[in-house]
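Visitor: I have a structure to look at and some terms to sort out. Can you take me through them?

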Amino acid sequence: MRIERRPGRVVAYVRSAPGTCVWLVLLFASTVAVHHMSPEFEREFLLERSTNIQRLSENPVRVLFASAFLIDGGIWLPYVALYGFIHAPAERWLGTVRWLVVCVTAHVLATLISEGAVLVAMWDGRAPSSTADTVDIGVSYALAGVVGVLVYRIARPWRFGYLAVVSLVYGVPLLVGRTFTDFGHFVALLIGFACHPVTRGRGGVWDPRGVLASWRG
């Protein structure tokens with residue numbers, strides 16, 4: 001009986017968060033493909049799909065789309081957990097379309113703002129000209145945006161604790177490392193906070209007190 005139920009659970013999970021599952025499958029496929037490339041071809045392949053200043057100036061739509069299906073570092077398995085704990089709950093709560101709006105908004109705006117900061121730094125002499133053509137790929141900006149919007153999923157007063165924690169998670173690296181990627185992550189988080197209008201009418205606020213009560217019971 002248990003064996004018969006497992007396929008049903010898998011199907012139900014996929015149906016509850018189809019966008020998350022499809023995205024994970026595409027990330028897996030691209031990761032496998034990249035791992036089978038020679039080092040020279042891999043670098044050229046990733047550069048052509050990087051959201052750096054050079055590629056954004058040539059074909060912004062193409063690189064913004066392509067970079068969202070590549071993993072920085074080439075390790076897929078951790079993203080299963082990240083997507084399962086962050087993207088999937090957000091998609092179930094918001095619905096696929098609204099969830100996708102948050103992902104795309106965070107990915108696109110955080111990329112453009114962070115690369116704009118890179119451009120300003122190059123003009124000021126604080127960054128070398130080679131920064132304009134570095135490998136810059138990944139899905140972390142979209143992830144940070146969804147982390148931000150999930151603050152509205154949590155009931156008060158727990159919401160403020162979540163807000164403090166995620167602000168530290170993304171703010172401390174920015175203060176310590178001060179890299180353009182850290183800046184982009186923090187911007188994406190703020191964009192997620194700003195996506196409150198997308199959450200209107202969704203309801204279903206999660207109250208940790210219910211979980212605690214079930215454990216005690």
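Guide: Start with L175, which is found in helix α9 (residues 158-177). Keep in mind that this is a predicted model.

Visitor: Why is L175 called exposed?

Guide: L175 has 63% relative accessibility. Exposed means over 50%, so L175 counts as exposed.

Visitor: Why is the pair of F65 and F69 called tilted?

Guide: The ring centres of F65 and F69 are 5.0 Å apart, and the planes meet at 55°. Rings pair if their centres lie within 6.5 Å. Planes under 30 degrees apart are stacked and over 60 edge-to-face, with the rest tilted. So F65 and F69 make a tilted pair.

Visitor: What makes Y79 and Y83 edge-to-face?

Guide: Their centres are 6.4 Å apart and their planes are at 65°. That angle is over 60 degrees, so the pair is edge-to-face. Both lie in helix α6 (residues 77-94), four residues apart, about one turn of the helix.

Visitor: How do you know whether Y79 and Y83 are buried or exposed?

Guide: Buried means under 20% relative accessible area. Y79 has 15%, so Y79 is buried. Y83 has 0%, so Y83 is buried. Y79 and Y83 form one aromatic cluster with W23 and W99.

Visitor: What makes F69 partly exposed?

Guide: F69 has 21% relative accessibility.

Definitions and conventions: Residues numbered from 1 in each chain as written. Predicted model: local features only at pLDDT ≥ 70, side-chain atom pairs only at ≥ 80, totals over all residues. Heavy atoms only, no water. Helix = DSSP H or I, 4+ residues; strand = E, 2+ residues; numbered from the N terminus. Buried < 20%, exposed > 50% of the residue type's maximum accessible area, 1.4 Å probe, protein only. Phe/Tyr/Trp six-rings, centres within 6.5 Å; stacked < 30°, edge-to-face > 60°.
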